[in-house]
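Hello,

Here is the structure I promised to pass on to you. Have a look at it first, and then read my notes below with the model open beside you.

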Amino acid sequence: MRTRAALLGGLALLTAACAAPATRLAGRVLWQGDPLVGAAVTLEPEVGGAAAEAVTDADGVYRFPPVPPGTYRVRARGPLGGPPLGAVPGKNPVALAPGGDAWLGLLAVPWEEPVSRPLAAAATGFGAVGGTVRLDGKPAEGAVVSLYLDEAVRGPGVYQAFPTGPDGAYAVDEVPAGSYYLVARKRQGGGSHGPVREGDLYAVAPANPVAVAEAQETRLDLHLVRKERDDDPGAELLALVRTGLRGRLLDPSGAPAAGVYVFAYRDRIVGHRMPDYLTLPTGPDGTFALPLGDGGLFYVGARERSGGSPAPGERFGFYEGSPDHGIVVPRGRVLEGIEIVVRKVLEP
């Protein structure tokens, strides 16, 4: 008869064998195009576990030892003895897939501490947010500041300022007292929706979340950086959550459709709100990878733009594998070979 110790030992070996392989995260922190030496980068698990810290070397590179796959918040601050600088990714948390190596570059900006000042007149329970959006220290025109309730910073935000003028100033009035994540974006095409793309400017306040107090205006400047290249997190995140869809978009002739988003809603009524899940635009081969969290029933389609109602001439289409465009994705399954045909709106 096997002893209890032997059984426990066997279970421990089985658990170790079934554990997902760890991954290693490294990257470089830059300040005004140069490596930032001595910056402290923190890696904090989104669920449970202790935060880890790594310090950048002479090349501005940081490296963490292997960590379990999952989602992590990343933030950098420093260097010690230098000007107060901070850096965060364009979107937190960051997904680390099982096994292999992940690289995450960070662009440092001046660390601004929010400052509060009394409002002359404010409704009960409300405050305001304002400041200046800057690029290389100078006021930036045409940037849009959005306020979010969580770190995911998806969609247009719960509150949004008008685009900045030549002085770079922004203001959001009548904001309910609470904590908010501040983000500024300046897109090359001037649009107000969709993911930040290569060449676009964006700012994420290192001091997030920012407190807004009743009858107070929170003042905070935001510093823009330029997105260097497009990183579609879909394939990596799909490898992590192992639940979602893979496939390709086609035009009516059967050729790959590039430059089109794939979306998924949990609600059968596809309205004007942002989708629950959204890819970056497809590449030349039309392929997509769409992670879908814990799975379930989704209503899936594709479109050329990411905000507002479909416009005449826009490429648009639904998944046609079911009458209501719905597809059930079991948790832990990746459904392969999903094809969606997109046609120009108001064209046969």
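Strand 13 and strand 14 make a hairpin with two residues between them, and Asp136 in the turn has a positive phi of about 55°. Before going further, please note that this is a predicted model, in which local features need pLDDT of at least 70 and side-chain atom pairs count only at pLDDT 80 or more, while totals for chains, interfaces and linings use all residues. Residues are numbered from 1 along each chain as its sequence is written, and side-chain values use heavy atoms, with hydrogens and water left out.

Two terms will come up again and again. Strands (E, at least two residues) are DSSP runs, numbered from the N terminus, and two strands pair if DSSP finds at least two bridges between them.

Back to strand 13, which covers residues 126-135. Seven of its 10 residues are buried, where buried means under 20% relative accessible area, with a 1.4 Å probe and protein chains only. Here are its pairings:

- Strand 17 (residues 169-176) runs antiparallel to strand 13, with six bridges joining them; Gly127 has Val175 as its bridge partner there.
- Strand 21 (residues 216-219) pairs with strand 13 in the parallel sense over three bridges, and Val129 has Thr218 as its bridge partner.
- Strand 22 (residues 222-223) is parallel to strand 13 and joined to it by two bridges, with Val133 opposite Leu222.
- Strand 14 (residues 138-139) is antiparallel to strand 13, again with two bridges, and Arg134 stands opposite Pro139.

**A covered strand**

Is strand 25 (residues 261-265) enclosed or open? Five of its five residues are buried, so strand 25 is largely enclosed by the rest of the structure. Look at both of its faces: Tyr261, Phe263 and Tyr265 are buried on one side, and Val262 and Ala264 are buried on the other.

Strand 25 runs antiparallel to strand 28 (residues 296-303), and five bridges join the two.

Next, find the open sheet of three strands in the order 27-24-31, where the pairing is mixed. Strand 27 (287-291) and strand 31 (334-341) stand at the edges with a single partner strand each, so one side of each has no neighbour in the sheet. From one strand to the next, the twist averages 25°, an angle between N-to-C directions on a scale from 0 to 180 degrees, with axes as lines fitted to C-alpha atoms.

Strand 24 (residues 244-250) pairs with strand 27 in the antiparallel sense over five bridges, and Arg246 has Ala289 as its bridge partner. Strand 27 also contains Pro291, which counts as buried because its relative accessibility is 10%. The C-alpha atoms of Pro291 and Thr243 are separated by 5.9 Å, although the two residues are 48 apart along the chain.

Leu30 lies in strand 1 and, at 18% relative accessibility, counts as buried. Which residues does Leu30 contact, leaving aside its neighbours within four places in sequence? They are Pro35, Leu36, Leu106, Leu107 and Ala108, where contact means heavy atoms within 4.5 Å.

The second largest pocket holds about 400 Å³ of space. On a 1 Å grid over the protein atoms alone, a pocket is an open set of points with protein on both sides within 12 Å along at least five of seven lines, and lining residues have an atom within 4 Å of a point. Of the 17 lining residues, the closest to the centre of this pocket are Gln32, Ala108, Asp136, Leu224 and Val225. Strand 1 (24-31), strand 11 (109-110) and strand 23 (225-226) each supply at least two residues of the lining.

Enjoy exploring, and write back with any questions.

Best wishes

Conventions
Helices (H or I, at least four residues) and strands (E, at least two) are DSSP runs, numbered from the N terminus. On a 1 Å grid over the protein atoms alone, a cavity is a set of points where a 1.4 Å probe fits but cannot get out, and a pocket is an open set with protein on both sides within 12 Å along at least five of seven lines; lining residues have an atom within 4 Å of a point. Grid points are joined across faces, edges and corners, and a volume is the space filled by probe spheres set on the points. Buried means under 20% relative accessible area, exposed over 50%, partly exposed in between (1.4 Å probe, protein chains only).
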